[in-house]
Amino acid sequence: MSQPSSELMIEARAVEKWYPNGFQALRGASLTVRRGEVVVIMGPSGSGKSTFIRTFNALEDFQKGSITVDGIVLSNDLRNIDAVRREVGMVFQQFNLFPHLSVLDNLTLAPVLVRKRPKAEVEQQAWALLERVGIAEQAGKYPGQLSGGQQQRVAIARALCMEPRILLFDEPTSSLDPEMVREVLEVMQNLAAEDITMVVVTHEVKFARHVAHRVVLMADGEVVEEAEPELFFTNPSHQRTRRFLDQIL
Amino acid sequence: MNPLLRRLRAELFATRADAALSLVLISLISLAAIGCLRWVLTQAQWAVVKVNSTLFAVGRYPVEQQWRLWLLTALLVAASGATWGLIRAHPRPDRTGVLWPRNDRLAVGLLSLIALALPWALDLNLAIAGRWWGLTVLLVFCRWLAGRYGARLSPAGQRLAALVWPVLYLVGMVLISGGLGLVTVSPSEWGGLMLTLLASSFAILLCFPIGVLLALGRRSDLPLLRWGSVLYIEFIRGAPLITLLFLGQNILGFLLPGGLAPERVWRAAWVLTFFAAAYLAEAVRSGLAAVPRGQLEAARSLGLSYPKALQHVVLPQALRVALPAIVGQFISLLQDTTLLSLIGLLELLGTARTVMANPAFLGRNGEVYLTLAVLFWGCCAALGLGSRALERRLDPHAVPSAT
Ligand SMILES: Nc1ncnc2c1ncn2[C@@H]1O[C@H](COP(=O)(O)OP(=O)(O)OP(=O)(O)O)[C@@H](O)[C@H]1O
Ligand SMILES: [Mg+2]
């Protein structure tokens, strides 16, 4: 496992968010993530995990607190939002592949349109990435023709093709059949060994134990506990964490 | 037993009840068909159509300028043939393409048959019949050429080839109305099928972008934009087209910046456009609603700007879903052009009414209306065929990834 450096990639301080219907989903959530670090976020359903990581690439706005991503201060300035999104990739629970594009085109779309790179060069890279996640032979197919596990691996490759410095995962294995979970986790584990910074919302305890540098528990819109995996699972300091672990272990 | 007979038996006469029902239906259909045919072949007097075929086609367009319309038809035919061939030469990447599928051979046979039969049925003189044959040969030739060599066209070349259509539209406008050295033919002299097609294609082309913008506006976060779109759509959908057409003749001259709608024809075309845009917006909105939220989020998280995400991710999927509804709108738009006759324009129906008002053709309404129905049916069938081809082309095994 590579060791994280001391450089801060994500710094979220006391973030508060209200949804338009008035519901407060984040109540002062804070988190710092260093470069190369793999942080797993756990917590009960509705605790604000998705909302929290979606603020990191400005898919959700927030009303109080501050977030800095790779040195860029997130504000409502549109130029900043575009800059952040180029540096931060995201993998969704529902894959969200573009069904009208072939697998290869799913990968090349953004680098060509956003980074303005020549198509041929991006395609080379896309092939290499598909090779890496083990589905190069499906490059010409459409997402609807792939299994869930294959789709999620394509989604990871698609995010990687933008060469992000940070990858966010929102329950990447939750909508997969059990036998497909492993193939996706393996890909993620291989990624973790590299320089890339990862924030992963997941309920996969084994992944959290063996891959994460740090595990975080969220409850009611706050970060309750933050600890190294061993400590987190064997000797958490908060009552709330113990109750949560009792439920999932 | 012969397989066809066996199939007929299985489908029509499987049980006693089936057989009885089939026999009743077959006799009813035969009776109706025989009646129609008898009327068409023995009772109807087709002179009214034969004598006025030019009037039905182009209205009172000056005879010495009609070569421009023939030229335009030839260009359109060549472009259609080339497009048809190019589509066959570039099958979707995940499919194997057949250059001459059975349907295409059938279509060519049918078109040739029509080209041979029509001049005979209409008593066209040899010069004009020859032109129809020439057009048919041109179509098949371009179809063959593009199918044979189209595969060599690079993607950039394909995009360039698609530009032929908008360019052709502008060329057509010039050919029809004159200018650039050609004698001007004022819109008041346009008529017949040409005016019908011109008005409907103008409205179809322009209502499409307006309708998409309205649909996006209706879903926008900006309240002003949203309410503006809703107001517009609901106002237009609440008013009958005919009142809007009359209204347009009276006030459009004031609303549009000077010189944009000087002629009654153009005013009517704009009203059709604005009218169709409201309905189109609703069709597009249903398509947009069918695209999962995650698609926009995924595109945005990859760094695509909102317009780019719409253009490359959301709209292609939304329009694919909305395509049948959109084409339905186009078809009713085509038929709505008949209302132009009520504001005194001589499109197909208007032309038909002047013909029927002529004492020489008294009582020949049946023949005229049947001709009109067949012409409209032909245009709508062409639209429907095109849309089905497009639908098949846009549909991979596209099941949205979010279920
Ligand atoms: N668009 C929205 N409008 C209003 N409330 C919302 C919206 N999205 C989420 N919420 C609410 O915000 C809270 C946090 O939601 P979030 O999706 O972040 O939770 P989560 O921890 O990811 O839960 P899960 O494990 O179920 O994915 C929930 O109570 C949810 O009902
Ligand atoms: Mg969630």
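The model is predicted, so local features need pLDDT of at least 70, side-chain atom pairs count only at pLDDT 80 or more, and totals for chains, interfaces and linings use all residues. Side-chain values use heavy atoms, with hydrogens and water left out; residues are numbered from 1 along each chain as its sequence is written, chains are lettered from A, and ligands are numbered from 1 in the order in which they are written.

**Confidence**

- The predictor gives the complex an ipTM of 0.92 and a pTM of 0.83.
- Chain B has a mean pLDDT of 85, and 93% of its residues reach 70 or more. pLDDT is the predictor's confidence in each residue, from 0 to 100.
- Residues 398–403 of chain B have pLDDT below 50. Beyond near neighbours in sequence, this stretch has 16 contacts in the model. A contact means heavy atoms within 4.5 Å.

**Chain A**

- Chain A has nine helices and 10 strands. Both are DSSP runs numbered from the N terminus: helices are H or I with at least four residues, strands are E with at least two.
- The radius of gyration of chain A is 18 Å, close to the 18 Å from the globule rule for 249 residues, so chain A is as compact as a globular protein of that length. This radius is taken over C-alpha atoms, and the rule is 2.2 Å times the number of residues to the power 0.38.
- The C-alpha trace of chain A spans about 50 × 45 × 40 Å along its principal axes.
- Of the 249 residues in chain A, 58% are buried. Buried means under 20% relative accessible area, exposed over 50%, and partly exposed in between (1.4 Å probe, protein chains only).
- Among chain A contacts with a separation of 6 or more, 67% join residues 24 or more positions apart.

- Chain B divides into domain 1 (3–43), domain 2 (62–184) and domain 3 (190–403). These bounds come from an automatic or database domain assignment.
- The C-alpha centres of domain 1 and domain 3 of chain B lie 39 Å apart.
- Helix α17 (residues 365–394) of chain B has 30 residues. From first C-alpha to last, α17 reaches 43 Å, close to the 44 Å expected at 1.5 Å a residue. The expected span is 1.5 Å times one less than the number of residues.
- The buried residues of α17(B) include B:Glu367, B:Leu372, B:Phe376 and B:Cys380.
- Cover for the buried residues of α17(B) includes α2 (16–43), α10 (192–218) and α15 (306–336) of chain B.

**Cysteines**

- There are zero disulfides over all chains. A disulfide here is a pair of cysteine sulfur atoms within 2.5 Å.
- The sulfur of B:Cys207 is 15 Å from the closest cysteine sulfur, in B:Cys380, which is too far for a bond. B:Cys207 is buried, at 0% relative accessibility.
- B:Cys379 is in no disulfide either; its nearest cysteine sulfur, that of B:Cys380, is 6.7 Å away. B:Cys379 is partly exposed, at 21% relative accessibility.

**Two loop residues in chain B**

- B:Asn52 sits in the loop between α3 (47–51) and α4 (53–58) of chain B. At 11% relative accessibility, B:Asn52 is buried.
- Not counting residues up to four places away in sequence, B:Asn52 touches B:Ala47, B:Val355 and B:Phe361.
- B:Pro240 lies in the loop between α11 (223–238) and α12 (241–255) of chain B. At 47% relative accessibility, B:Pro240 is partly exposed.
- B:Pro240 and B:Leu280 are 40 residues apart in sequence and 16 Å apart in space, C-alpha to C-alpha.
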